[in-house]
Every structure is written in C-alpha cells, then in structure tokens.
Amino acid sequence: MFAYVIRRVLATIPVMALVALFVFSLLYLAPGDPAAVIAGDQATPQDVERIRASLGLDRPYLVRFGSWVWGILNGDMGVSIFTNLPVTTMIAQRIEPTLSLMILTLILAVTIAVPMGVVAAWKQGTLIDRAVMGFAVLGFSVPVFVVGYLLAYVFALELDWLPVQGYTALSKGFLPWLENLVLPAVALGGVYIALIARITRATMLEVLQQDYIRTARAKGAGQGSILFLHALKNAAVPIVTVIGIGIALLIGGAVVTESVFAIPGLGRLTVDAILRRDYPVIQGVVLLFSFVYVLVNLIIDLAYTLFDPRIRY
Amino acid sequence: MNRRTFLKAGAAAGGMGLLGGLPAPTLAQGTAARTLRFVPQANLANFDPIWGTQYVVRNAAALVWDTLYGVDENLVPQRQMVESEEVSADGLTWTFRLRQGMKFHDGEPVLAKDAVASLVRWSARDPMGLMLRAIQQELVAVDDRTFRWVLKKPYPKMLLALGKNNSPCSFIMPERIAKTDPFTQITEYVGSGPMRFVRNEWVPGAKAVFERFADYRPREEAASWLAGGKRILVDRVEWIVMPDPATASAALQNGEVDWWENPISDLVPTLRRNRNIRVDIADPLGNIGTFRMNHLTTPFNSVKARRAVLMAMSQEDYMRALVGDDDKLWKSLPGYFTPGTPLYTEEGGEILKGERRLDAAKRLLAESGYKGEPVPCIVAQDQPITKAQGDVTADLLKRIGFNVDFVATDWGTVGQRRAMKNPVGQGGWSMFHSWHAGADCINPAAYTAIRANGAGAWFGWPDIPAVETEVSAWFEAKTLEEEKAAIRRLNKAALEEVVYAPTGFFLTYQAWRANVSGIQKGPLPFFWGVGKS
C-alpha cells in the first residue's frame, strides 16, 4: 500500500508538468493583453507598449515559460501583474472561503443525497422514488445561479433570516461563518446532491438484487440493517468514485456561486484573473486546482480499501 | 421573524451562542454607524493611480492622496495643498507654496521635494503632464514649502493640469515612493489625504478598507468635489466588490451595504420601490458613447464611409439599448463635448440631427469605393455598455450595406486587438465600441479620443491636422471666449472628418440607504461630508 501511495504521488509529477505546459501555452496563445487592461481605456498605444515591456510580456515564449517553471520549482508562483502581490499570498487570502464552501457543500450533499438514493432504491417505483428522481432531474437542470438568486430572494430579502452575500472567517465564530455559507452551499449542492442520489439509487438497486441480501433477509435482519450495513457498504465504491469526480463539479460551481453570493474565494479570483489576463494568477490557481483534483482522486482510490477488503494495492 | 430573532432562537435552542458569539446589538450598531460600506463600480485590483489609470483606482486614490489643486463643481481648479502660487509676468515661472502642517500617513511632513518628485512621476504618464515636460526648463524645490516650475513657453492651463479630476491625477506622494519608475507599480500606499489605506485588510477583488486619518487638516472652505475641506464623518470606509449587480441590489435592500456606486438601470425600479433606499443621478457630467473607427484600414480610411455612418446612425437607438425607457438618462449629442459644460457646442453637428438618411448613406458608401470587404466589428460582450452598442451597430452597418464581421469577444481581447495596425484579414479591425466619462470630455485636456495626431492618437489613429490646430488653439487660449471659439472650430472639423462617431450622451444612477447623508453628484464618489446615522 505504501509503495502504491508513493507511486501515485510520483505519478502526479508528470501530470502536473503537463498541466503546467498546457496552461502556460494556452494563455500564451489566447488573445488579450494585460498591459492594455492596466493602462486603461484612455491610454495611448505607446503607454501600452511600455507597460508590456515593464511586465516582461514582450519576452519570447520559451524564456517566459522557463522563468515561470524555475520559479515554481523554487516554490515561487510569481507575482500578480495587477496587484503586485505574490500569487501564493493571493491564494492564501482566498483559500479559506472556497475550502469552507466546498467542505460544507460536500457534507450537506452526502448527508442528504445518500439517504435519498437509498430510500429511492428501497421504494423503487413508488411516489417517493419518483419524487427523489424528480428532484435529481431538477438539481441537474436548474443552473446554480438561478437557485442562488431564488434562495437569496426568499431567505434574505423576504424572510431576513440570512445574509445575501459575503463571508465571515471561521476564526470570528462558527455561527457567523455558517450564516454566510448556508445559502451558497445549498445552491451549489443541488447538482451534487442530484448526482450522488442518482448513482446511489442505481447502485443500491443492483446490490439489493444480490443473493447475500436475500440471505440477510432470510436471517431476519432488519430493513435498516439490510439497507445501510449490508447493501450500502457494498454499493459504496461507485458512490465514493462519483463523490470524487464531483469535486470537479464543485470547483466549477464554486466560480458561479462565489460570484452570486460575493464570496471572496478562489473561484472569483480565477474569473477576475481570466478577465484581466493576470497570467501568473491564472496559472497558479489552475495548477492548484489540478493538484487538489489529483490528490482527491488518490484519497478516493485509497478509500476503496475501507469499503471492499478485496481491493489491495 | 427576522434574521436576528431567528438566529437567537437557533442559538438558544442549540446552545450555539457558545460557538458563534452573536454580535452584541448595541456595540454592533455603534460600529455600523461609524463604518460606511460602499460597493464600487469595479474591483480595486491595483493601487497605484499613476501606473494604472482606471477610474476605480483614481476614485480610491482620491481618499488616500491629496492634490495641489482640485476642481470644484463649477469645473474650476481651486487651491488644495497649495497655500499660494505666483506666476511671472512672462508666464514662464510658476512658484508654488504649500500649506503648513500637512502630514503623510506615516507622520512625516509634506515637503516641496515630495511635490516635485510626485509631479515628475505624474508628468511621465499624463497627457497634460507630457506637454509640460516638453516645455519644462526646471522643476525644483526651493525650500521645504516652496517649489518652482520654470517653462520654456507659457502654459495657461497649469492649474487645471494640477487640479483636474481626470486620470491620472497629480497625486502627491512621499518622495521615496514617487521616485518609483512611472511604468512600475509602487509598493507603499502612503498619502496625505483624509483617509489612510489599510493594506493588511486589502483583498484585491473583494475588499479594500480605508480609515480616517486623524492628522488630516481639511481646508476651511466648504467641500466641493475635489476642492475645499475634505471632512470625513465616518471612521472607516469599506469597499466591498460585488461583480454581480443583482447581488449588490439585494445587499443594498437588505442593509448589508450602504452605498452602491453604479446600479444598472434594469434594477433601479426595484430599488426605488424600497422606502429605505434613495436613488439619484451619479454624475451630472455623464458619459459619451463611442463608435470608434480605424482610420488606417478599409472601409473607414475613407471619410465618405465614416460620414455614411454618421448620416445613418440613430443615437436614440443606441441610448435606448443602453438605458431603456428612462428618458431622464440620455440625450442626443450632435458634437463631441459634454452637454451642460461651458465649451459644449453643436457646431457642424447637422449630420447627426433630424431624420436619419439611410439611402444617402448607402450612396455615400458606394462613392467611398467600398467593395464589400469584411468589416470586423470587435465588440466586448462582458461590458454591458459595449455589448448593447455593438448589437445596434451590427444592424446599422448591415442596413447601410457593410459586410459586417461581428467579433463577439471580451474587453481584454478588445484591449489587445485594437492596438493592432495590421490590415483587415491579418488581425486588423474596423471598429470597436467604448465610452468616455463626460468629465474627460469637457475640454481637450484629458480627452485623448478627440485627438487626431495620427500615430500619436488614440486607437484608430485619425490624422486630421485641422483638429490638432484647434486643440493647440484651446491650450493657448487665455480667455473663455477664445476657448469657446477654438472648440467650435474643433467640433466642426472633427465632425467633418469624423474623428469618431458619438453614439449619444447618457447618465447613470447611484443608490444609497436612507440613513446615509451627504452624498454628492460628481464624476467620482466623494466620501467627505458623507455621514451615517
């Protein structure tokens, strides 16, 4: 197992290298000019040229790429073209809100979706099953921003229960932290709940047909025990896989959710950086997201052994 | 049940008070009244008002850095950091004396050497500063409070240059900061303005915080725009960046923010219905919409093709696309200068008045020699103002007979592509949309878009000597009448040759909570005199 983990960790290196090359090349080829954005709309072409030169954007591709890679290898992601702050500082400023949002969404989604899927499978073909599947279709179909606006309208503007926007650091208290994150987490969680609920239902339906479930029933095991101990544990591998894949959905959804609820997280940082062509920030954030994604999938792979003892690494 | 009772109930039920610490209402109320929460027009992504000339940077900088002079609401520059000035009889030597007792936020006194270094940096980036540089003999500090600027020829617009509100403003910084190369960002944000920048709370893209500077000594006169006594009535101003207008609207209605700089017109009716919210025009100088043509490439290298556009365009179509049915928000603009300001003129503007002449425009286009080549219109879709104008333009050009190549893109790409002088087909372009703040268009001083000096002009590079002659005449004018005469001739020449096509004049709103007082209309949000109960 240890050797497997080491192998997987080492395997992330070429993956990250490819991501780095791809992201850098894509940004190099993409149209847009940060110097023009910095100079402002009234600037002359000469001003734009001078700013471009001062930022080193007039250097050849290979020189820029080499310089960036060398920095990364030395733990330096570079400095934002616009804010003049190190990219690591900007990421550090933004990581807590995004991490909080994703963790809360994950907890919320798993807590709601797995029982929903289990119950839908148990009550297959009934009204409950149809309601769960209807909810899942809605969750997939309604965009995050629509859900976000609706929630903000009802729970913030009409009922005045929760704030519309912003983020309060966890260090300032759990309740204020939660207060700001409830609506975004629910909005972001919709699609994730739908995904997990559907896969849980499908896998549970398959497992519930197995012989050992019939045996368990024959032995007089209770319904709860059959569903959650015997069946769910054996259905867990695909569910955990989907939860891992869904992290990518969360990352994408966080970009929209953070904009709708004005949460100062990594998603908004990414959008702002893309619109301004702040290359070091875009490269840094995309690398970070890629690393997180690779890491999450590694953890998921390792988690398989907890649910299925037959799996060995 | 409101939020507070809901939370209290929740806390009581679950013992959550221990975890969360509900804010004590009395204390929170006091703090809230001393903090003004403001939603700016854009993200404060950098904070060097000379290096980056975006309006949002200028607006924030006006809190932190002071200027030698400041324009008032009558557009007249008034003394601000300066106590007195003296100009020699030949108009070549200006001697300025600073007010006594001014301090920077680090406690150091403001000295003449700081002003000199700041003016040197500013003059490398500002159009008026560049003109001053070109005729400068020397700029030196005479003593701690006096500096002298000696010129090779008179510059009657000196005070306007030092007090204008157009970006970049000549903000005064400590010498050590002002010595930074003008094309490199400063790393310290120390000024002598009425508020200090709280750098450790700055999260670019999300939040910027300013605190009242206790040692600031406002002038005795009443505040008027950038002039007079800048008295700050709150302890703290928080800029909260909200990219989504619907969120900003909801936050204002919910009392989570106090003042929103630029609500979009679609949301204004909702805000007006809320009795806790006030809505009014933000800036009476408004904005001028721009249809900018490339004078170097086909078809707009022909004045006939450019005039064909003017002849057929309906400014009403453009303005309604921008502001909807609110007639208070727009007016036609048969000229280039800001309506309601002293130099406004309609000289030569007949081509933009009356019934639109599509058939005549078609004939003129045919006479221009246009043979149906593609006309790349680069239209930023992420800016509502450019997107709305672009949609109208696509239709207009097609109706005149242009072969429109509509390039829907983002503002960052427009910024890059418009700088390219290549022919169409090799990355070149034919037109793009933008808009200019009316405050920049009251005269030619900061109005880069009206200049027609070929390669040195703004994107599109018009080369029209008659326009440049009148720009020079305005700079040299000594009386308002001389200025007006020069601008009338300039407006006529610019319309005859079509420096660019103005799409109309439009205003925008600002909105604030009813418990906020003292908000002024102006080209930037002025925080002095704004209080909160």
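Biologist: How many bridges join strand 12 of chain B to strand 19 of chain B?
Modeller: Five, and strand 12 (residues 277-281) and strand 19 run antiparallel. Ile281(B) stands opposite Tyr509(B) in strand 19. Strands here are DSSP runs (E, at least two residues), helices are H or I runs of at least four, and both are numbered from the N terminus. Two strands pair if DSSP finds at least two bridges between them. This is a predicted model, where local features need pLDDT of at least 70 and side-chain atom pairs count only at pLDDT 80 or more, while totals for chains, interfaces and linings use all residues. Residues are numbered from 1 along each chain as its sequence is written, and chains are lettered from A and ligands numbered from 1 in the order in which they are written.

Biologist: And what joins strand 11 of chain B to strand 19?
Modeller: Two bridges, again with the strands antiparallel; strand 11 is residues 259-260. Trp260(B) has Ala511(B) as its bridge partner in strand 19.

Biologist: Is strand 19 of chain B buried or exposed?
Modeller: Five of its five residues, 509-513, are buried. Buried means 20 or more other C-beta atoms within 10 Å of the residue's own, exposed means 12 or fewer, and partly exposed is in between, with C-beta atoms placed from the backbone. Tyr509(B), Ala511(B) and Arg513(B) are on one side, Gln510(B) and Trp512(B) on the other, and both faces are covered.

Biologist: Switching to the six-stranded sheet in chain B. What's the strand order?
Modeller: The order is 14-18-13-17-15-16, in an open sheet with mixed pairing. Strand 14 (330-331) and strand 16 (403-409) are the edge strands, each pairing on one side only. Strand 13 and strand 18 run antiparallel and are joined by five bridges. Phe291(B) is partnered there by Ala501(B) in strand 18.

Biologist: What covers helix 11 of chain B?
Modeller: The cover over its buried residues includes strand 13 (287-293), helix 13 (358-367), helix 14 (384-400) and strand 18 (501-506) of chain B. Eight of the ten residues in helix 11 (303-312) are buried, among them Arg306(B), Arg307(B) and Met311(B).

Biologist: Now chain A. How many of its residues are in contact with chain B?
Modeller: 49 residues of chain A are in contact with 50 of chain B. In contact means that the C-beta atoms of two residues, placed from the backbone, lie within 7 Å. Helices that each supply at least two residues to the chain A side include helix 8 (174-207) and helix 10 (223-260).

Biologist: What classes of residue are on that chain A side?
Modeller: There are 28 nonpolar, twelve polar and nine charged. Ala, Val, Leu, Ile, Met, Phe, Trp, Tyr, Cys and Pro count as nonpolar, Asp, Glu, Lys and Arg as charged, and the others, Gly among them, as polar.

Biologist: At what angle do helix 11 and helix 12 of chain A pack?
Modeller: About 140°, with their axes 8 Å apart. Axes are lines fitted to C-alpha atoms, for helices over the stretch in contact, and angles run from 0 to 180 degrees between N-to-C directions.

Biologist: Which residues meet there?
Modeller: Leu266(A), Leu269(A), Thr270(A), Ala273(A) and Ile274(A) in helix 11 meet Val281(A), Ile282(A) and Val285(A) in helix 12. By class, this contact has seven nonpolar, one polar and no charged residues.
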